Amino acid sequence: MTAAKATYRKLSDTMAKYHIRSIYLLIILYVIVVGIMKPSFLQLDNWMNLLRSVSVYGIISCGITFVMLTGRTDLSAGMMLTFLATISCYFVTPGIENQLLAIVVPILLGAVGGLVNGILVGVIRLNSFVSTLGMMSLYTGFVLLFIKQSPSLFGSQDMTVYRFLGQGSILGIPTPVIILAIVAIVSSIVLRRTVYGARIYAVGSNASAARYSGISPAAIIVSVYTVSGLLTGLGAVVMCSRILSAQPKMGSGYEFTALTAIVLGGLSIQGGKGGILGTLIGVLILGIIDNSFVILGLDSNLQYIVKGAILIIAVAVQIRSERRRGL
């Protein structure tokens, strides 16, 4: 028994040293099992489709990572995504067909929407949960009114440049995956290699101490929400360019998936700890679960149960770990 405990402790220490979480080992085992049951699951084409499908989640998750590192959250991202995707699709409908506006306007509106969230939370100091929940309701109303006025939002197939963003590929790699990779690399550099990134972590770790160090928590909070909104706008463009249509609830639940992925990736819900790499791993894990359910022919509704359970377990493990370290 003593030898077993020693081995377990050594394994735990090694995993902690290299930031390897037990869930990562479990998901590798899960991939192997599903691959044995359904060999098509391990085929390259399937994994390219998997990566393409999670790209929008990944882009949004990178933005929300900035927000959550400050100890705040954003529940409006899913419906903001729907609203901005609707706007994007409107500009490529037959008769309008303006690819430039379809790309630029949603990104700019996303930044403005994020700025509003930032002002509500950082300047007016409203609770981030309540304020972004209210904004989610506003975006829902905007979408329903917009769709009511234009019930048939289908993009023109002639929008080749626009379609390339969501449907194209470079050297066999889907364009959305490349966009996600660029977003992730830039975001990681900003967070880990710049003064601005250090200030985000400082505000998330201890806002009062950051203020005494000359950092303005309000300014940082406003900026991270703006970044999140901008990336949500980019995600909306990629989403609409992929399916070339707009539906009232096309982005519903995206914020939940993004939050789950971020927490699963090891980011502390209290802020000040985590990073883009962990977020991407969390996104990939949820993508693997979704894809495997389709391959195995399981009821897609079970995904919500699995994701909910994963979120609860991940948060519980994180809180227990932080308590053990006295954080």
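User: Is the crossing of α3 and α12 left-handed or right-handed?

Analyst: α3 crosses α12 in a right-handed manner. A crossing counts as right-handed if the near helix is turned clockwise from the far one by less than a right angle, and as left-handed if anticlockwise. Please note that this is a predicted model, in which local features need pLDDT of at least 70 and side-chain atom pairs count only at pLDDT 80 or more, while totals for chains, interfaces and linings use all residues. Residues are numbered from 1 along each chain as its sequence is written, and side-chain values use heavy atoms, with hydrogens and water left out.

User: At what angle do α3 and α12 pack, and how far apart are the axes?

Analyst: The angle between α3 and helix α12 (residues 254–264) is about 65°, and their axes are 9 Å apart. α3 is therefore roughly perpendicular to α12. Axes are lines fitted to C-alpha atoms, for helices over the stretch in contact, and angles run from 0 to 180 degrees between N-to-C directions. Angles under 35 degrees count as roughly parallel, over 145 as roughly antiparallel, 65 to 115 as roughly perpendicular and the rest as oblique.

User: Which residues of α3 and α12 make the contact?

Analyst: On α3 they are Val56, Tyr57, Ile60, Ser61, Ile64, Thr65 and Met68, and on α12 they are Tyr254, Thr257, Ala258, Leu259, Ala261, Ile262 and Val263. Contact means heavy atoms within 4.5 Å. By class, eleven of the residues in the contact of α3 with α12 are nonpolar, three are polar and none is charged. Here Ala, Val, Leu, Ile, Met, Phe, Trp, Tyr, Cys and Pro count as nonpolar, Asp, Glu, Lys and Arg as charged, and the others, Gly among them, as polar.

User: And α13: how do the axes of α3 and α13 cross?

Analyst: The axes of α3 and helix α13 (residues 276–296) cross at roughly 140° and come within 8 Å. The two helices are therefore oblique to each other, and α3 passes α13 in a right-handed crossing. Among the residues in this contact are Trp47, Tyr57 and Thr65 of α3, with Leu280, Gly287 and Asn291 of α13. The contact of α3 with α13 comprises twelve nonpolar, seven polar and no charged residues.

User: Changing topic, how do α5 and α11 pack?

Analyst: Helix α5 (residues 99–123) packs against α11 at an angle of about 150°, with their axes 6 Å apart. α5 and α11 are therefore roughly antiparallel, and their crossing is right-handed. Their contact contains 16 nonpolar, eight polar and no charged residues.

User: Which residues of α9 are buried?

Analyst: In helix α9 (residues 195–205), Gly197, Ile200, Tyr201, Val203 and Gly204 are buried. The buried residues fall within an arc of 160° seen down the axis of α9, so they line one face of the helix. The arc is that of the directions from the helix axis to the C-beta atoms. Buried means under 20% relative accessible area, exposed over 50%, and partly exposed in between (1.4 Å probe, protein chains only).

User: What covers the buried residues of α9, and what is exposed on the other side?

Analyst: The cover includes α3 (44–68), α8 (175–193), α10 (207–212) and α11 (217–243). Val195 and Ser205 are exposed on the other side of α9.

User: How many helices and strands does the protein chain have?

Analyst: The protein chain has 14 helices and two strands. Helices (H or I, at least four residues) and strands (E, at least two) are DSSP runs, numbered from the N terminus. The chain has 327 residues, of which 46% count as buried.

User: What about backbone angles: what is phi of Arg125?

Analyst: Phi of Arg125 is near 65°, a positive value in a residue other than glycine. Arg125 lies in the loop between α5 and α6 (128–149) and is exposed, with a relative accessible area of 65%. Leu244 also has a positive phi, of about 50°, and is not a glycine. Leu244 sits in the loop between α11 and α12, where it counts as buried at 5% relative accessibility. Most residues other than glycine have a negative phi.

User: Which residues does Ser156 touch?

Analyst: Not counting residues up to four places away in sequence, Ser156 touches Val92, Thr93, Pro94, Glu97, Arg163 and Leu244. Ser156 is in the loop between α6 and α7 (160–167) and counts as buried at 8% relative accessibility.
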